[in-house]
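I wanted a plain set of notes from going through this one, entry by entry. Here is the structure I had open.

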Amino acid sequence: MSRTFPALRRIQQISQFITQPRSITPYRSSIVSAHLPSSTRSMATGNADKITDWVSRNDKSGEFKRQNSAFRNWISRKPGAQFPPEKGRYHLYVSYACPWAHRTLITRKLKGLEDIISFTSVHWHLGEKGWRFATPDEKLPGENTTPDPLHSDVTHLRDIYFANDPDYTGRFTVPVLYDKKTQKIVSNESAEIIRMLYYEFDDLLPSPNKQLDLYPQSLRSEIDTSNDWIYNDVNNGVYKSGFATTQEAYQKAVTTLFSSLDKIEAHLQSIASPFFFGSVLTEADIRLFTTIVRFDPVYVQHFKCNIRDIRSGYPAIHRWLRHLYWEIPAFRETTEFEHIKFHYTKSHTQINQFAITPVGPVPDILPKDEEVRAVAAMKK
Ligand SMILES: N[C@@H](CCC(=O)N[C@@H](CS)C(=O)NCC(=O)O)C(=O)O
(Lines give C-alpha, C1' and ligand atoms only; values in the text may rest on other atoms or scores of the structure.)
Protein backbone atom coordinates (compact mmCIF):
# COMPACT_ATOMS: atom_id res chain seq x y z
CA MET A 1 0.00 0.00 0.00
CA SER A 2 2.55 2.56 1.07
CA ARG A 3 4.76 1.63 -1.84
CA THR A 4 1.97 2.00 -4.34
CA PHE A 5 0.57 5.21 -2.89
CA PRO A 6 3.38 7.38 -1.55
CA ALA A 7 1.14 10.44 -1.86
CA LEU A 8 -1.42 8.87 0.45
CA ARG A 9 1.22 8.22 3.08
CA ARG A 10 2.31 11.85 2.89
CA ILE A 11 -1.26 13.10 3.21
CA GLN A 12 -1.81 11.06 6.36
CA GLN A 13 1.36 12.47 7.88
CA ILE A 14 0.31 16.07 7.47
CA SER A 15 -3.32 15.86 8.46
CA GLN A 16 -2.95 18.27 11.42
CA PHE A 17 -0.73 20.82 9.72
CA ILE A 18 -2.60 24.00 9.16
CA THR A 19 -2.89 25.87 12.41
CA GLN A 20 0.22 25.03 14.33
CA PRO A 21 1.18 27.43 17.14
CA ARG A 22 4.13 29.59 16.19
CA SER A 23 7.29 29.83 18.20
CA ILE A 24 9.76 32.19 16.65
CA THR A 25 13.42 32.32 17.54
CA PRO A 26 15.20 35.64 16.99
CA TYR A 27 17.46 35.84 13.97
CA ARG A 28 19.06 38.97 12.71
CA SER A 29 16.97 42.04 12.26
CA SER A 30 13.49 43.27 12.86
CA ILE A 31 11.52 44.98 10.15
CA VAL A 32 7.94 44.79 11.20
CA SER A 33 7.34 44.95 14.91
CA ALA A 34 7.24 48.73 15.32
CA HIS A 35 4.33 49.51 13.07
CA LEU A 36 3.14 46.50 11.16
CA PRO A 37 2.30 43.43 13.21
CA SER A 38 0.87 40.98 10.73
CA SER A 39 -2.01 40.00 12.96
CA THR A 40 -3.49 43.50 12.87
CA ARG A 41 -3.24 44.11 9.13
CA SER A 42 -6.28 43.49 7.03
CA MET A 43 -6.46 42.42 3.38
CA ALA A 44 -4.15 44.06 0.93
CA THR A 45 -5.91 43.44 -2.31
CA GLY A 46 -7.50 46.86 -2.05
CA ASN A 47 -11.09 45.61 -2.06
CA ALA A 48 -13.55 43.60 -0.01
CA ASP A 49 -12.46 40.22 -1.38
CA LYS A 50 -10.51 37.73 0.68
CA ILE A 51 -7.02 36.67 -0.32
CA THR A 52 -8.42 33.28 -1.22
CA ASP A 53 -10.99 34.77 -3.61
CA TRP A 54 -9.06 34.22 -6.82
CA VAL A 55 -11.80 35.71 -8.94
CA SER A 56 -13.58 38.63 -7.33
CA ARG A 57 -17.05 37.69 -6.19
CA ASN A 58 -18.32 40.81 -7.96
CA ASP A 59 -16.70 39.97 -11.28
CA LYS A 60 -19.50 38.84 -13.58
CA SER A 61 -17.06 37.71 -16.32
CA GLY A 62 -15.88 34.89 -14.05
CA GLU A 63 -12.39 35.31 -15.48
CA PHE A 64 -9.17 35.12 -13.48
CA LYS A 65 -7.13 38.29 -13.95
CA ARG A 66 -3.51 38.23 -12.82
CA GLN A 67 -2.24 41.48 -11.36
CA ASN A 68 0.92 43.20 -12.58
CA SER A 69 3.93 43.01 -10.29
CA ALA A 70 4.68 46.19 -8.35
CA PHE A 71 8.42 46.00 -7.63
CA ARG A 72 10.40 46.24 -10.84
CA ASN A 73 13.99 47.24 -10.03
CA TRP A 74 16.99 45.56 -11.66
CA ILE A 75 20.24 44.22 -10.35
CA SER A 76 22.78 45.59 -12.80
CA ARG A 77 26.53 45.43 -13.23
CA LYS A 78 26.55 48.84 -14.92
CA PRO A 79 28.67 51.32 -12.92
CA GLY A 80 26.66 53.27 -10.33
CA ALA A 81 23.71 50.86 -10.35
CA GLN A 82 21.39 51.06 -7.35
CA PHE A 83 21.46 47.27 -6.98
CA PRO A 84 24.89 46.00 -8.05
CA PRO A 85 25.66 42.26 -8.14
CA GLU A 86 27.39 41.24 -4.90
CA LYS A 87 27.99 37.87 -3.33
CA GLY A 88 25.71 37.27 -0.33
CA ARG A 89 23.72 40.48 -0.75
CA TYR A 90 20.47 39.18 -2.25
CA HIS A 91 17.90 36.68 -1.04
CA LEU A 92 15.10 35.00 -2.91
CA TYR A 93 11.82 34.32 -1.17
CA VAL A 94 10.08 31.54 -3.08
CA SER A 95 7.52 28.81 -2.73
CA TYR A 96 8.41 25.39 -4.10
CA ALA A 97 4.76 25.14 -5.04
CA CYS A 98 4.74 28.15 -7.32
CA PRO A 99 5.60 27.81 -11.01
CA TRP A 100 6.75 31.44 -11.28
CA ALA A 101 9.07 31.15 -8.29
CA HIS A 102 10.26 27.78 -9.58
CA ARG A 103 11.71 29.55 -12.63
CA THR A 104 14.05 31.50 -10.36
CA LEU A 105 15.21 28.41 -8.45
CA ILE A 106 16.03 26.56 -11.66
CA THR A 107 17.90 29.53 -13.09
CA ARG A 108 19.84 30.09 -9.86
CA LYS A 109 21.04 26.50 -9.94
CA LEU A 110 21.73 26.34 -13.66
CA LYS A 111 23.88 29.45 -13.44
CA GLY A 112 25.71 28.16 -10.33
CA LEU A 113 24.55 31.03 -8.13
CA GLU A 114 23.96 28.93 -5.01
CA ASP A 115 26.77 30.56 -3.01
CA ILE A 116 25.92 34.02 -4.27
CA ILE A 117 22.16 34.27 -3.78
CA SER A 118 20.51 32.65 -0.77
CA PHE A 119 16.85 31.60 -0.65
CA THR A 120 13.99 30.56 1.60
CA SER A 121 10.85 28.72 0.62
CA VAL A 122 7.64 29.55 2.43
CA HIS A 123 5.33 26.83 3.74
CA TRP A 124 3.11 25.41 1.01
CA HIS A 125 -0.09 26.54 2.69
CA LEU A 126 -1.47 29.92 1.64
CA GLY A 127 -4.14 31.19 4.01
CA GLU A 128 -6.04 34.40 4.66
CA LYS A 129 -2.83 36.30 5.36
CA GLY A 130 -1.12 34.88 2.31
CA TRP A 131 2.09 32.87 2.38
CA ARG A 132 3.59 32.10 5.79
CA PHE A 133 7.00 30.85 6.78
CA ALA A 134 7.44 27.42 8.31
CA THR A 135 7.89 27.32 12.09
CA PRO A 136 11.16 25.97 13.54
CA ASP A 137 9.49 22.70 14.53
CA GLU A 138 7.88 22.00 11.16
CA LYS A 139 9.90 19.62 9.05
CA LEU A 140 9.00 20.13 5.43
CA PRO A 141 10.65 18.63 2.39
CA GLY A 142 12.99 20.73 0.31
CA GLU A 143 16.09 22.67 1.16
CA ASN A 144 15.52 25.94 3.08
CA THR A 145 11.86 25.59 3.96
CA THR A 146 12.46 27.40 7.24
CA PRO A 147 11.41 30.46 9.24
CA ASP A 148 12.59 33.70 7.64
CA PRO A 149 16.34 33.60 8.33
CA LEU A 150 16.67 37.37 7.85
CA HIS A 151 14.05 38.80 10.20
CA SER A 152 13.20 37.55 13.66
CA ASP A 153 9.66 38.91 13.74
CA VAL A 154 8.47 38.04 10.27
CA THR A 155 5.89 35.30 10.15
CA HIS A 156 4.31 36.01 6.76
CA LEU A 157 5.63 37.15 3.41
CA ARG A 158 3.28 40.11 3.54
CA ASP A 159 5.30 41.52 6.46
CA ILE A 160 8.14 42.05 4.01
CA TYR A 161 5.86 43.74 1.49
CA PHE A 162 4.42 46.08 4.13
CA ALA A 163 7.86 46.91 5.53
CA ASN A 164 8.79 48.07 2.03
CA ASP A 165 5.56 49.90 1.45
CA PRO A 166 3.07 50.28 4.31
CA ASP A 167 0.39 51.31 1.79
CA TYR A 168 0.90 48.31 -0.49
CA THR A 169 -2.44 47.17 -1.89
CA GLY A 170 -1.37 44.36 -4.21
CA ARG A 171 -1.09 40.64 -3.62
CA PHE A 172 1.80 39.18 -1.67
CA THR A 173 3.32 37.02 -4.33
CA VAL A 174 6.44 34.90 -4.65
CA PRO A 175 9.08 35.15 -5.93
CA VAL A 176 10.53 38.15 -4.13
CA LEU A 177 14.11 39.16 -4.79
CA TYR A 178 15.25 40.97 -1.65
CA ASP A 179 18.28 43.15 -0.94
CA LYS A 180 19.66 42.41 2.53
CA LYS A 181 21.80 45.54 2.50
CA THR A 182 19.08 48.13 1.95
CA GLN A 183 16.23 45.87 3.18
CA LYS A 184 14.35 46.61 -0.02
CA ILE A 185 12.46 44.41 -2.41
CA VAL A 186 14.32 44.56 -5.71
CA SER A 187 11.72 42.75 -7.79
CA ASN A 188 8.68 40.52 -7.50
CA GLU A 189 8.48 39.69 -11.20
CA SER A 190 9.88 36.27 -12.06
CA ALA A 191 10.27 36.96 -15.79
CA GLU A 192 12.62 39.83 -14.95
CA ILE A 193 14.40 38.16 -12.03
CA ILE A 194 15.50 35.23 -14.20
CA ARG A 195 16.91 37.59 -16.79
CA MET A 196 18.94 39.38 -14.11
CA LEU A 197 20.34 36.04 -13.04
CA TYR A 198 21.37 35.15 -16.61
CA TYR A 199 24.04 37.85 -16.88
CA GLU A 200 24.33 40.36 -14.09
CA PHE A 201 26.35 38.09 -11.76
CA ASP A 202 28.63 36.76 -14.51
CA ASP A 203 31.68 38.67 -13.24
CA LEU A 204 31.46 36.66 -10.01
CA LEU A 205 31.18 33.29 -11.74
CA PRO A 206 33.71 30.81 -13.13
CA SER A 207 33.83 30.33 -16.91
CA PRO A 208 31.46 27.42 -17.52
CA ASN A 209 28.63 29.11 -15.61
CA LYS A 210 29.37 32.44 -17.19
CA GLN A 211 29.14 30.88 -20.62
CA LEU A 212 25.73 29.37 -20.07
CA ASP A 213 23.54 31.70 -22.11
CA LEU A 214 19.85 31.06 -21.52
CA TYR A 215 18.70 33.92 -23.72
CA PRO A 216 21.09 33.87 -26.69
CA GLN A 217 21.02 36.80 -29.11
CA SER A 218 20.31 34.55 -32.09
CA LEU A 219 17.11 33.18 -30.51
CA ARG A 220 15.81 36.24 -28.69
CA SER A 221 12.98 37.12 -31.00
CA GLU A 222 11.82 33.49 -31.24
CA ILE A 223 11.97 33.13 -27.45
CA ASP A 224 10.03 36.37 -26.94
CA THR A 225 7.36 35.32 -29.42
CA SER A 226 6.89 31.92 -27.82
CA ASN A 227 6.92 33.44 -24.31
CA ASP A 228 4.05 35.61 -25.29
CA TRP A 229 1.55 32.93 -26.29
CA ILE A 230 2.87 30.26 -23.94
CA TYR A 231 2.47 32.67 -21.01
CA ASN A 232 -1.08 33.66 -21.95
CA ASP A 233 -2.39 30.27 -23.03
CA VAL A 234 -0.38 27.79 -20.99
CA ASN A 235 1.47 29.20 -17.93
CA ASN A 236 -1.39 31.48 -17.05
CA GLY A 237 -3.92 29.45 -19.06
CA VAL A 238 -4.08 26.72 -16.41
CA TYR A 239 -4.97 29.33 -13.78
CA LYS A 240 -7.57 30.96 -16.06
CA SER A 241 -9.12 27.56 -16.54
CA GLY A 242 -8.99 26.56 -12.87
CA PHE A 243 -10.14 29.79 -11.27
CA ALA A 244 -12.93 30.56 -13.74
CA THR A 245 -16.27 31.03 -12.04
CA THR A 246 -18.42 30.74 -15.15
CA GLN A 247 -18.71 27.85 -17.60
CA GLU A 248 -18.01 30.22 -20.47
CA ALA A 249 -14.78 31.60 -18.98
CA TYR A 250 -13.60 28.08 -18.12
CA GLN A 251 -14.34 26.66 -21.54
CA LYS A 252 -12.64 29.52 -23.35
CA ALA A 253 -9.50 29.12 -21.24
CA VAL A 254 -9.33 25.33 -21.35
CA THR A 255 -9.81 25.04 -25.11
CA THR A 256 -7.18 27.72 -25.76
CA LEU A 257 -4.83 25.90 -23.37
CA PHE A 258 -5.22 22.59 -25.18
CA SER A 259 -4.85 24.04 -28.66
CA SER A 260 -1.60 25.58 -27.50
CA LEU A 261 -0.46 22.28 -26.01
CA ASP A 262 -1.29 20.64 -29.36
CA LYS A 263 0.86 23.25 -31.07
CA ILE A 264 3.75 22.63 -28.65
CA GLU A 265 3.38 18.87 -29.18
CA ALA A 266 3.58 19.30 -32.96
CA HIS A 267 6.61 21.57 -32.59
CA LEU A 268 8.45 19.13 -30.32
CA GLN A 269 7.54 16.20 -32.62
CA SER A 270 9.05 18.07 -35.53
CA ILE A 271 12.47 18.64 -33.98
CA ALA A 272 14.82 15.81 -33.24
CA SER A 273 16.55 17.56 -30.36
CA PRO A 274 15.94 17.59 -26.64
CA PHE A 275 15.17 21.27 -26.03
CA PHE A 276 12.42 23.61 -27.14
CA PHE A 277 14.75 25.45 -29.48
CA GLY A 278 16.89 22.53 -30.57
CA SER A 279 20.19 21.58 -29.07
CA VAL A 280 20.52 24.39 -26.53
CA LEU A 281 18.70 24.85 -23.27
CA THR A 282 17.03 28.26 -23.12
CA GLU A 283 14.57 30.31 -21.14
CA ALA A 284 11.77 28.75 -23.19
CA ASP A 285 12.49 25.37 -21.57
CA ILE A 286 12.57 26.83 -18.06
CA ARG A 287 9.31 28.72 -18.47
CA LEU A 288 7.42 25.79 -20.00
CA PHE A 289 8.84 23.17 -17.62
CA THR A 290 7.41 24.71 -14.45
CA THR A 291 3.88 24.45 -15.83
CA ILE A 292 4.23 21.03 -17.47
CA VAL A 293 5.76 19.33 -14.43
CA ARG A 294 2.67 20.42 -12.42
CA PHE A 295 0.23 19.41 -15.12
CA ASP A 296 -0.57 15.77 -14.38
CA PRO A 297 -0.17 15.95 -10.58
CA VAL A 298 -2.33 19.05 -10.15
CA TYR A 299 -3.73 20.92 -13.11
CA VAL A 300 -5.55 17.97 -14.72
CA GLN A 301 -7.90 17.52 -11.80
CA HIS A 302 -7.62 20.62 -9.63
CA PHE A 303 -7.83 23.15 -12.47
CA LYS A 304 -10.04 20.91 -14.67
CA CYS A 305 -7.42 20.83 -17.44
CA ASN A 306 -8.52 17.35 -18.37
CA ILE A 307 -9.03 17.19 -22.10
CA ARG A 308 -5.82 15.12 -22.09
CA ASP A 309 -2.97 14.57 -19.66
CA ILE A 310 0.70 14.79 -20.52
CA ARG A 311 1.73 11.18 -19.83
CA SER A 312 -0.87 9.57 -22.06
CA GLY A 313 -1.82 12.36 -24.46
CA TYR A 314 1.36 14.22 -25.40
CA PRO A 315 4.29 11.86 -26.12
CA ALA A 316 6.69 14.54 -27.37
CA ILE A 317 6.01 16.91 -24.47
CA HIS A 318 6.30 13.96 -22.10
CA ARG A 319 9.70 13.03 -23.58
CA TRP A 320 10.90 16.65 -23.37
CA LEU A 321 9.66 16.97 -19.76
CA ARG A 322 11.34 13.80 -18.57
CA HIS A 323 14.59 14.68 -20.28
CA LEU A 324 14.80 17.94 -18.34
CA TYR A 325 13.65 16.39 -15.07
CA TRP A 326 15.79 13.28 -15.06
CA GLU A 327 18.88 14.49 -16.91
CA ILE A 328 19.44 18.02 -15.59
CA PRO A 329 19.73 18.25 -11.80
CA ALA A 330 18.65 21.92 -11.64
CA PHE A 331 15.18 20.85 -12.78
CA ARG A 332 14.77 17.76 -10.62
CA GLU A 333 16.35 19.14 -7.46
CA THR A 334 14.13 22.20 -7.40
CA THR A 335 10.90 20.27 -7.96
CA GLU A 336 9.10 19.42 -4.72
CA PHE A 337 5.92 17.54 -5.49
CA GLU A 338 4.67 17.56 -1.91
CA HIS A 339 4.68 21.37 -1.85
CA ILE A 340 3.09 21.43 -5.29
CA LYS A 341 0.24 19.02 -4.57
CA PHE A 342 -0.59 20.26 -1.11
CA HIS A 343 -0.39 23.96 -1.91
CA TYR A 344 -2.98 24.00 -4.65
CA THR A 345 -5.40 21.51 -3.21
CA LYS A 346 -5.28 22.72 0.39
CA SER A 347 -5.04 26.48 -0.22
CA HIS A 348 -7.59 27.03 -2.97
CA THR A 349 -10.68 26.54 -0.89
CA GLN A 350 -12.71 28.65 -3.31
CA ILE A 351 -12.49 25.73 -5.74
CA ASN A 352 -11.79 22.79 -3.39
CA GLN A 353 -13.90 23.42 -0.33
CA PHE A 354 -12.83 20.42 1.70
CA ALA A 355 -9.15 20.68 0.78
CA ILE A 356 -8.93 17.02 -0.18
CA THR A 357 -5.70 16.20 -2.00
CA PRO A 358 -6.22 13.51 -4.65
CA VAL A 359 -3.85 10.58 -4.25
CA GLY A 360 -3.00 10.17 -7.92
CA PRO A 361 -1.54 10.23 -10.35
CA VAL A 362 1.02 7.72 -9.18
CA PRO A 363 3.87 8.44 -9.50
CA ASP A 364 4.06 12.23 -9.70
CA ILE A 365 6.36 11.86 -12.70
CA LEU A 366 7.17 8.63 -14.52
CA PRO A 367 10.71 7.25 -14.64
CA LYS A 368 12.37 7.90 -18.00
CA ASP A 369 11.90 4.41 -19.36
CA GLU A 370 8.37 3.72 -18.10
CA GLU A 371 5.05 4.52 -19.76
CA VAL A 372 1.43 4.43 -18.61
CA ARG A 373 -0.02 0.96 -19.19
CA ALA A 374 -1.89 1.80 -22.39
CA VAL A 375 1.13 3.42 -23.99
CA ALA A 376 3.39 0.55 -22.89
CA ALA A 377 0.91 -2.00 -24.32
CA MET A 378 0.92 -0.20 -27.68
CA LYS A 379 4.71 -0.40 -27.82
CA LYS A 380 4.81 -4.18 -27.34
N1 LIG B 1 3.94 37.93 -12.05
C2 LIG B 1 4.36 37.22 -10.96
C3 LIG B 1 3.30 36.23 -10.51
C4 LIG B 1 3.70 35.50 -9.27
C5 LIG B 1 2.49 34.81 -8.60
O6 LIG B 1 1.34 34.99 -8.98
N7 LIG B 1 2.79 33.98 -7.59
C8 LIG B 1 1.72 33.30 -6.86
C9 LIG B 1 2.11 31.89 -6.50
S10 LIG B 1 2.05 30.77 -7.82
C11 LIG B 1 1.51 33.95 -5.51
O12 LIG B 1 2.46 34.18 -4.78
N13 LIG B 1 0.25 34.18 -5.16
C14 LIG B 1 -0.12 34.66 -3.87
C15 LIG B 1 -1.35 35.50 -3.95
O16 LIG B 1 -1.75 35.88 -5.06
O17 LIG B 1 -1.90 35.79 -2.89
C18 LIG B 1 5.66 36.54 -11.34
O19 LIG B 1 5.73 35.91 -12.40
O20 LIG B 1 6.60 36.69 -10.59
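My entries follow in the order I looked things up.

**Overview**

I reminded myself that this is a predicted model. I then looked up the secondary structure and got 15 helices and 6 strands in the protein chain. The chain has 380 residues, and buried ones make up 38% of them. I also looked at how far apart in sequence the contacting residues are. Among contacts with a separation of 6 or more, 71% are between residues 24 or more positions apart.

**The sheet**

How many strands form the open sheet, and in what order? I found 4 strands, ordered β2-β1-β5-β6, with mixed pairing. The edges are β2 (117–121) and β6 (184–187), each of which pairs on one side only. From one strand to the next the twist averages 35°.

Next I went through pairs of strands. β1 and β2 run parallel and are joined by 5 bridges; within that pair, Tyr93 stands opposite Thr120 in β2. β5 (residues 176–179) and β6 run antiparallel, with 3 bridges between them. Here I noted Tyr178 opposite Ile185 in β6.

**Strand β1**

I stayed on β1, residues 90–94, and checked burial: 5 of its 5 residues are buried. Which residues point which way? Tyr90, Leu92 and Val94 go one way, and His91 and Tyr93 the other, with all of them buried.

**Tyr93 and the core**

I looked for the largest nonpolar core and found one of 86 residues. Tyr93, Val94, Leu157, Ile160, Val174 and Ile317 have the most contacts inside it. Helix α8 (residues 247–270) gives the most to this core, namely 8 residues.

Tyr93 had now come up several times, and I listed its contacts, skipping neighbours within four places in sequence. They are Thr120, Val122, Leu157, Ile160, Val174, Pro175, Val176 and Tyr178. Leu157, Ile160 and Val174 are on that list, and these three are also among the residues with the most contacts inside the core.

Pro175 is in the loop between α3 (157–164) and β5, and I had already seen Pro175 in contact with Tyr93. Pro363 is in the loop between α14 and α15 (373–379).

**Helix α14**

Of its 11 residues, 337–347, 11 are buried.

**Positive phi**

I looked up residues other than glycine with positive phi. Asn144 has phi near 65° and lies in the loop between β4 (130–131) and α3. Buried, exposed or partly exposed: which is Asn144? Asn144 counts as partly exposed because it has 15 C-beta neighbours inside 10 Å. Lys304 has a positive phi too, about 55°, and lies in the loop between α10 (295–302) and α11 (310–313). Lys304 has 17 other C-beta atoms within 10 Å, so Lys304 is also partly exposed.

**Tyr299**

From there I moved back into α10, where Tyr299 has its place. Why is Tyr299 called buried? Because 24 other C-beta atoms lie within 10 Å, and the cut-off for buried is 20 or more. Leaving aside neighbours within four places in sequence, Tyr299 is in contact with Val238, Gly242, Arg294 and Cys305. I also looked up Tyr239: Tyr299 and Tyr239 are 60 residues apart in sequence, and their C-alpha atoms are 8.5 Å apart.

**Around the ligand**

Last, I looked at the ligand. There are 16 residues around the ligand, and Cys98, Trp100, Arg171, Thr173 and Ser190 come nearest. By class I noted 9 nonpolar, 5 polar and 2 charged residues in the shell. Helices α2 (99–110) and α4 (190–199) each supply at least two residues of the shell.

Methods:
Residues numbered from 1 in each chain as written. Predicted model: local features only at pLDDT ≥ 70, side-chain atom pairs only at ≥ 80, totals over all residues. Near = placed C-beta within 6 Å. Nonpolar A, V, L, I, M, F, W, Y, C, P; charged D, E, K, R; others polar. Core = buried A, V, L, I, M, F, W, Y, C linked by C-beta atoms within 7 Å. Buried ≥ 20, exposed ≤ 12 C-beta atoms within 10 Å, placed from the backbone. Contact = placed C-beta atoms within 7 Å. Pairing = 2+ DSSP bridges. Axes fitted to C-alpha atoms, helices over the stretch in contact; angles between N-to-C directions.
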